[in-house]
Amino acid sequence: MEIKICHIYPDVLNLYGDRGNIVAIEKRLLWRGIDCTIKNLNIGEAAKLSEFDIAFIGGGQDFEQEALLDDLHKGKDKEIKSAVDDGVTFLAICGGYQMLGQYYETYEKKLCDFIGAVPLYTVGGKDRLIGNFVFDCDGAGSIVGFENHSGKTYLMDGASPLGKVRCGFGNNGEDSTEGIRYKNVFGSYSHGPLLPKNPLLCDEIIKTALDRKYGKTDLAPLNDDAEEAAHNQMVQRILKSKAEK
Amino acid sequence: MPGKVALKICPDLLSVLAKNTKTVVVTGTNGKTTSSRMIEKAFEDAGLAPLANRSGANLISGITTEFALNSNIFGTCRKKYAVIECDEAAARLCLPMLKPKAVLVTNLFRDQLDRYGEVTHTLAKIREGLEGTPNAVLCLNADCSLTSSLALELKNDVVYYGINQSAAPESKSVTLSDATHCIRCKAQYSYSYSTYGHLGGFYCESCGYKRPEPDVAVTAINEIAADASSVIMKIDGHKSVVSINLPAIYNIYNAAGAIACVKAFGMDSSLAIDALAVFRCGFGRMEKFDLGKAGARMCLVKNPAGCNQVIDFLAATKGERTLVICLNDNDADGTDVSWIWDVSFETLAENAGDYGRIIVSGLRANDLRVRLKYAGFEDDKIEIICDYNALAETLMNEEKPIYIVPTYTSMLDFRACLVSKLGGSRFWEG
């Protein structure tokens, strides 16, 4: 078996530790004897996305966003949308998560057209929502991560949240939702390395991709002592600090 | 802190206190402390007895305190000269008050995103500060497209420093660039060579913005050894051999910046060159001390760019060793530890056999354990020792050379623990 990963815009969407997600998927495939290839899709390059099994899109700085949107609207937006419709498994984080949605309305009321591949939109907020957070995810238990965003994201009809916030802000700090599950898309504000400390979610993503390619697949169990220790320590610490507030 | 109270009463107190002092300010993401200490050493050797602040006191309150402690009852500083390290976010307020004669901006890298936001925001803060100091000579890292862009809009005199293509080393770590697109026109940069991170021979084909020709240029690297480096620098057209009593390429940048700054201050650059050969930084910055049978070196890290440089340094040194990595997530470290995934620990794992013992510590030791596992180290070989006393004890019996790589607050805590155990005399004087 083999999984082909496409890392979309690693040249500009590479904010703090995003590549940790690719490393986690790759290692957890290889440890199970499943082959894995990774293609970097930079600005100015073209690729047929539906030929991949997993696409990853991370977060970036505002500064490069203009160059990125130019490139996106030269055809990659349609390519990404049709890959989502085709059932390619996507993991989208922070800026990349917002970008899969319909639009972004900045705090100054300027509207940016995004890819429109998933039913969500984002509105620029005044304050940044920053900190460690915990949310509960069906099928993957508690998820721990770090969020740092000023955009507030709202899910539209047809979308489910990835999870329900237990501590932190999530999509918008208002409705307790965090992230999105739509077709085979997993979207989250948990920036940086979401998957290494949340191995159940990583395996859920891997399984989604394998199921689509090879039919129902069982994943061999791995020794997750290290991952679980890191996961549990942070969940406990975050919930404890919430209880103390 | 007295500075905080005083600032409430008199918000521009610093400008009053610093009025009669000729000052150098050092700011930027990485290398502030080391560069400041290099310049301080040159000033001391020249008999100028400068006022200097320490890295923990580099915000406006700490700098004001430092001046206040050295002032007479009339509110002017007794010291005629000062070498001041200034936090890059505090530069906006501090620079116009200090009215420095020279300002060294070392580089700009992504740092604590939870605190500073994007790197271009930090750049804007420094630029705002410099707008209030039109008479300061700027010493800018020519190889950093962000830093050298300060000269595009400011009219100050500039001394550039950098590492030329002829001396550019081969970078071993996979380096992520923090500045891929032109600060002026947003087109993608091209590079004729790179040294590390986004530093190197950048040029923009679209608008023509490019690396300026440095006035202080490293033209050849003779040797980068485990303890020191020897390079050739061309300073205003004249070549000199410069010995730097610290290892690693980033300290070559710090040394070139210090020379540029001493020159910009109007002093002879040979004063800085002499100082570099005997200079010792201490305080966790490549600091050596007698620990275990073969000694230890502590290499403070704060962000991926700096940590990848330490990784390159470790990869370039040979032989079996013990590695200790300490990761904290207090405010001063940055509360977001995601950045460890941008560090190429994979480079170390390629020679996993060199690491007889590998120990993780700090508040986020568990995160390091996961990171090292995914980098290719065997999970059951990674020891977790969070108690600093226990860590110090086990290291005291260590046979092999020890390398300790801590983040800021874990450096402070573990270093204090080691000082109390070993006694100050077993440290190299900082």
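Axes are lines fitted to C-alpha atoms, for helices over the stretch in contact, and angles run from 0 to 180 degrees between N-to-C directions. Helices (H or I, at least four residues) and strands (E, at least two) are DSSP runs, numbered from the N terminus.

This is a predicted model, in which local features need pLDDT of at least 70 and side-chain atom pairs count only at pLDDT 80 or more, while totals for chains, interfaces and linings use all residues. Residues are numbered from 1 along each chain as its sequence is written, and chains are lettered from A and ligands numbered from 1 in the order in which they are written.

**Exercise 1.** Describe how helix 5 of chain B packs on helix 7 of chain B.

Step 1. Take the geometry. Helix 5 covers residues 91–98 of chain B and helix 7 covers residues 119–131 of chain B. Their axes lie 7 Å apart, at an angle of about 15°.

Step 2. Classify the angle. Angles under 35 degrees count as roughly parallel, over 145 as roughly antiparallel, 65 to 115 as roughly perpendicular and the rest as oblique. Helix 5 and helix 7 of chain B are therefore roughly parallel.

Step 3. Assign the hand. A crossing is left-handed if the near helix is turned anticlockwise from the far one by less than a right angle, and right-handed if clockwise. Helix 5 of chain B makes a right-handed crossing with helix 7 of chain B.

Step 4. List the contact. Helix 5 of chain B uses B:Ala91, B:Arg92, B:Cys94, B:Leu95 and B:Pro96. Helix 7 of chain B answers with B:Lys125, B:Ile126, B:Glu128, B:Gly129 and B:Leu130. Contact requires C-beta atoms, placed from the backbone, within 7 Å.

Step 5. Sort by class. Ala, Val, Leu, Ile, Met, Phe, Trp, Tyr, Cys and Pro count as nonpolar, Asp, Glu, Lys and Arg as charged, and the others, Gly among them, as polar. The contact of helix 5 with helix 7 of chain B has six nonpolar, one polar and three charged residues.

**Exercise 2.** Work out the packing of helix 3 of chain B and helix 10 of chain B.

Step 1. The angle is about 45° and the axes are 9 Å apart. Helix 3 and helix 10 of chain B are therefore oblique to each other.

Step 2. Their crossing is right-handed. Residues making the contact include B:Met38 and B:Ile39 of helix 3 of chain B, and B:Ala255 and B:Ala258 of helix 10 of chain B.

Step 3. By class, this contact of helix 3 with helix 10 of chain B has seven nonpolar, five polar and no charged residues.

**Exercise 3.** Characterise the domain contact in chain B.

Step 1. Domain bounds come from an automatic or database domain assignment. Chain B is assigned domain 1 (2–278) and domain 2 (285–426). Their centres, taken over C-alpha atoms, are 27 Å apart.

Step 2. Domain 1 of chain B brings 27 residues into contact with 21 residues of domain 2 of chain B. On the domain 1 side, helix 3 (32–45), helix 6 (113–116) and helix 10 (249–264) of chain B give two or more residues. Helix 6 of chain B has the largest share, three residues.

**Exercise 4.** Is B:Leu146 buried or exposed?

Step 1. B:Leu146 sits in helix 8 (residues 145–148) of chain B.

Step 2. A residue is buried if 20 or more other C-beta atoms lie within 10 Å of its own, exposed if 12 or fewer, and partly exposed in between. B:Leu146 has 24 C-beta neighbours inside 10 Å, so B:Leu146 counts as buried.

Notes
Contact = placed C-beta atoms within 7 Å.
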